[in-house]
Amino acid sequence: MEFDKFLEEYEQLDIENLEREQLESFRSIFFEHGMLEKSLELSEIIYKKYPNDEAATISYVDNLMHLGERDQALLILFNSEKTAQTLLMEAIIYKEDMLYDVAEDKLKQAIELSDDEDLNNIINHELANVYFEEGRTEEALLINRVIFEKDPNVNSFKMVMDSLLSLGQYDEAVVFYVNYGHDFEDADIYFSAAFAYNQMHELTKSKDLLLKTIELDKDYVDAYMHLGFLSMGEEAIKYLEKYVEYQGLSTNVYLQLTHLYNVNQEYDKIRSMVRNVLTNMGIDNSSLYIAINALKTLYETETIYNIYSEHDLIKEDSSLLYLSLSALIEEEEYIDYVVDEIKQHHLVLKTEYNYYDLLQIAYEYTGDTVIRDYLTELELENSGHNVVDHLGSFYHEHDHHHSDDCDCGHH
């Protein structure tokens, strides 16, 4: 029956007098078609007819939750008989509200009342998630291992793997994957294992698994990023451009692409990337950092000056401020301007790691006594420690390791 026809006939029915089986069927139809308000009406009718029925209560609460009516859902559960399933539903709501101690208590009560193994696995899974959110990852790992041993499947495998990675137990994650992971063909599992191998410096295995990831799921955005950082030359560019095509937001990808384009002398690609970033990503700290870094590579100082002059948020971010001024000071005509900006934004710049370098250059060019005082101030604050420490490498998400052939120049 076509849905429109079903709706016409449904409106003619005396809903209140229908049998429960028919009401449940109609409720499911509305739910499947996204008509949640209609589905809720039927759930409420069923609940009122069978207020002491666990299934009726759970369905009604589930409907309320889908519509965001959390307070009403909690009220229904508060007044219902305490069963493993109603306690589980309460715990899920409290967990989403980040009341983890209450959620934990409800889940432990649910475990005591449950004698169903499948339900126990669901409850334990939620308890592990609560522990995970609270930072009690060791406890989450213990539960997840038990769940996997009882029911080894894709989801329970991922739970163990996620716990191991969160704990930084990369060697254990590799062992776990070798022992059990080959039973599952799943993009998330391949990616997690690739990450673990990367952290163990087994970069060839990591790359092979990343290739399996995109073979299984060509839209797996982060896999392209990691493949780009594990590759060199044109291959690296191909993967990083694919990441950008999927609108990935990693600043480090754009910094690496700028470097690779510059090595290839593909300056128009850098300019095009800057335009796309400022247009598609909008104007924010990340997009400005990408653009100014790229323009600095091209020595397009006037454009940097224009961007710097137009966007006050640059002056509020120490990294953006330092990057802009370090680019501008490379041109003689902007030296005095940079000195004035340093004096105006000294307190912001003080937090930047390489600020001392910028001060030294400014002082060498101008001999300005205020700049000299700033240098002395930093030297005293660092108590004799070496404040001239060049960053010299990109920071990659997830402590990325580079192969000896990595084209980014950092090994």
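Predicted model: local features only at pLDDT ≥ 70, side-chain atom pairs only at ≥ 80, totals over all residues.
View 1. Phe30 is buried, with a relative accessible area of 0%. Phe30 belongs to one aromatic cluster, formed together with Phe3, Phe6, Tyr10 and Phe26. Across the whole structure, a search finds 20 aromatic pairs. In one of them, the ring centres of Phe3 and Phe30 are 6.4 Å apart and the planes stand at 80 degrees, so this pair is edge-to-face. Because Phe3 lies in helix α1 (residues 3-11) and Phe30 in helix α2 (residues 20-32), the pair ties together parts that are 27 residues apart in sequence.

**View 2. The buried and exposed sides of helix α13.** Helix α13 spans residues 203-216 and has 14 residues; from first C-alpha to last it reaches 20 Å, close to the 20 Å expected at 1.5 Å a residue. Leu203, Ser206, Lys207, Leu209, Leu210, Thr213 and Ile214 of α13 are buried. These residues are on the same side of α13 because they cover an arc of only 165 degrees around the axis. Thr204 and Glu215, on the other side of α13, are exposed. The cover over the buried residues of α13 includes α11 (170-180), α12 (187-199), α14 (221-230) and α15 (233-245).

View 3. The side chains of Lys158 and Asp188 are joined by a polar contact of 3.2 Å.

**View 4. Charges over the rings of Tyr50 and Tyr308.** Arg20 lies over the face of Tyr50, 4.8 Å from the ring centre. Over the ring of Tyr308 sits the charged end of Lys315, at 4.1 Å from the centre of that ring.

Methods:
Residues numbered from 1 in each chain as written. Heavy atoms only, no water. Helix = DSSP H or I, 4+ residues; strand = E, 2+ residues; numbered from the N terminus. Expected span 1.5 Å × (residues − 1). Buried < 20%, exposed > 50% of the residue type's maximum accessible area, 1.4 Å probe, protein only. Arc of directions from axis to C-beta. Contact = heavy atoms within 4.5 Å. Polar contact = N/O pair within 3.5 Å; in protein donor to acceptor, adjacent residues only side chain to side chain. Phe/Tyr/Trp six-rings, centres within 6.5 Å; stacked < 30°, edge-to-face > 60°. Lys NZ or Arg CZ within 6 Å of the ring centre and 35° of its normal.
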